[in-house]
Amino acid sequence: MMSPLPVHHRPLLQATDWEDYQLLDCGNGMKYEKWGDVRLVRPDPQVLWQGTQGSQWSTYDGWYHRSASGGGTWEFTRKLPASWEIRYQDYRFRVRPTDFKHTGLFPEQAANWSWFGPIIRQSQRPFSLLNLFGYTGAASIVAAKSGAAVCHVDAAKGMVQWCRENASLNGLQEAPIRYIVDDCIKFVQREIRRGSTYDAIIMDPPSYGRGKSGETWKLEKHLWELLELCAAALAPNARFLLINSYTTGISPTVLANMLQDILGKRRGAITCGEIGLPVVSDGKTLPCGIYCRWENL
């Protein structure tokens with residue numbers, strides 16, 4: 001019997017290098033953020049503490065009010081542009097308030113970008129990366145700008161188009177990025193049949209979702225199957241696999257246990273933990289989800 005891959009449990013990982021984004025304050029189920037020169041207030045289920053909600057909260061540009069029947073609406077105090085750009089190091093991303101409270105970017109993920117970007121840049125060979133549930137493509141942009149050939153997959157056509165816009169902002173119009181609108185499980189199945197493999201795979205699976213043709217995705221039911229498929233789609237000398245999750249009740253240890261079983265025949269190590277953002281007002285940290293990484297050391 002092979003020894004299981006070692007697992008390293010890390011303290012909460014923070015994205016601390018932002019200039020155009022700040023989490024100004026949190027309290028009473030809400031977070032107060034600065035996106036460039038736009039200040040937004042949005043609900044966050046992790047903010048269970050009261051906070052102070054001082055006078056600065058009155059200077060918001062947009063406030064997302066949840067509806068008792070589900071969803072919600074934005075209240076704006078001034079007319080905002082349809083979208084605007086924010087920067088992280090050498091990267092630029094287009095953001096805008098959406099109907100579902102999101103802005104098209106999860107700034108805490110910068111902590112992961114700072115990890116895998118150097119791995120790609122320091123690789124001494126062509127590097128291929130698959131980004132599943134790729135959303136608006138921030139990770140795809142970082143990977144492509146670091147030198148990877150990227151396959152970006154999302155079931156929502158609008159999100160894939162948003163990724164194209166982010167690629168243009170970063171001068172990556174001619175970069176080797178494949179834009180795929182498809183169900184992630186079906187796409188990986190086809191890649192395996194075609195014999196396609198990747199040096200790295202990133203995924204950010206939702207708790208619940210629907211594929212391009214109405215396929216239902218439930219993380220608890222389908223994640224194991226997807227991870228098994230991804231293991232088969234990793235090249236023999238692949239460098240890493242990264243899972244991000246925002247699903248309540250799923251711990252980093254659960255993801256680590258799954259990767260131990262599924263990638264147990266490979267060399268390397270697993271690292272897992274929480275990911276979050278520093279709060280400017282009082283030095284707290286807002287936990288924003290979990291991550292689990294396998295790396296071929």
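Trainee: Is Phe93 buried or exposed?
Mentor: In this predicted model, Phe93 has a relative accessible area of 1%, so Phe93 is buried.

Trainee: And Tyr91, buried or exposed?
Mentor: Tyr91 counts as buried because its relative accessibility is 8%, and the cut-off for buried is under 20%.

Trainee: How many aromatic pairs are there?
Mentor: The count comes to 17 aromatic pairs. One of them joins Tyr91 and Phe93, which are stacked, with 6.5 Å from centre to centre and 25° between the planes.

Trainee: Which residues form one aromatic cluster with these two?
Mentor: Trp18, Tyr21, Trp35, Tyr88 and Trp113 form one aromatic cluster together with Tyr91 and Phe93.

Trainee: What about the rings of Phe116 and Phe240?
Mentor: Their centres are 6.0 Å apart and their planes lie at 25°, so this pair is stacked. Because Phe116 is in helix α1 and Phe240 is in strand β16 (residues 240-245), the pair ties together parts that are 124 residues apart in sequence. Both Phe116 and Phe240 are buried.

Trainee: Changing topic to helices: how do the axes of α1 and α2 cross?
Mentor: The axes of α1 (residues 110-121) and α2 (residues 138-145) come within 9 Å and cross at roughly 30°. Therefore α1 is roughly parallel to α2, since angles under 35 degrees count as such. The crossing is right-handed.

Trainee: Which residues meet there?
Mentor: From α1, Trp113, Phe116 and Ile120 meet Ala138, Ala139, Val142 and Ala143 of α2. By class, this contact has 7 nonpolar residues, with no polar and no charged ones.

Key: Residues are numbered from 1 along each chain as its sequence is written. This is a predicted model: local features need pLDDT of at least 70, side-chain atom pairs count only at pLDDT 80 or more; totals for chains, interfaces and linings use all residues. Side-chain values use heavy atoms; hydrogens and water are left out. Axes are lines fitted to C-alpha atoms, for helices over the stretch in contact, and angles run from 0 to 180 degrees between N-to-C directions. Helices (H or I, at least four residues) and strands (E, at least two) are DSSP runs, numbered from the N terminus. Angles under 35 degrees count as roughly parallel, over 145 as roughly antiparallel, 65 to 115 as roughly perpendicular and the rest as oblique. A crossing is left-handed if the near helix is turned anticlockwise from the far one by less than a right angle, and right-handed if clockwise. Contact means heavy atoms within 4.5 Å. Ala, Val, Leu, Ile, Met, Phe, Trp, Tyr, Cys and Pro count as nonpolar, Asp, Glu, Lys and Arg as charged, and the others, Gly among them, as polar. Rings of Phe, Tyr and Trp (its six-membered ring) pair if their centres lie within 6.5 Å; planes under 30 degrees apart count as stacked, over 60 as edge-to-face and the rest as tilted. Buried means under 20% relative accessible area, exposed over 50%, partly exposed in between (1.4 Å probe, protein chains only).
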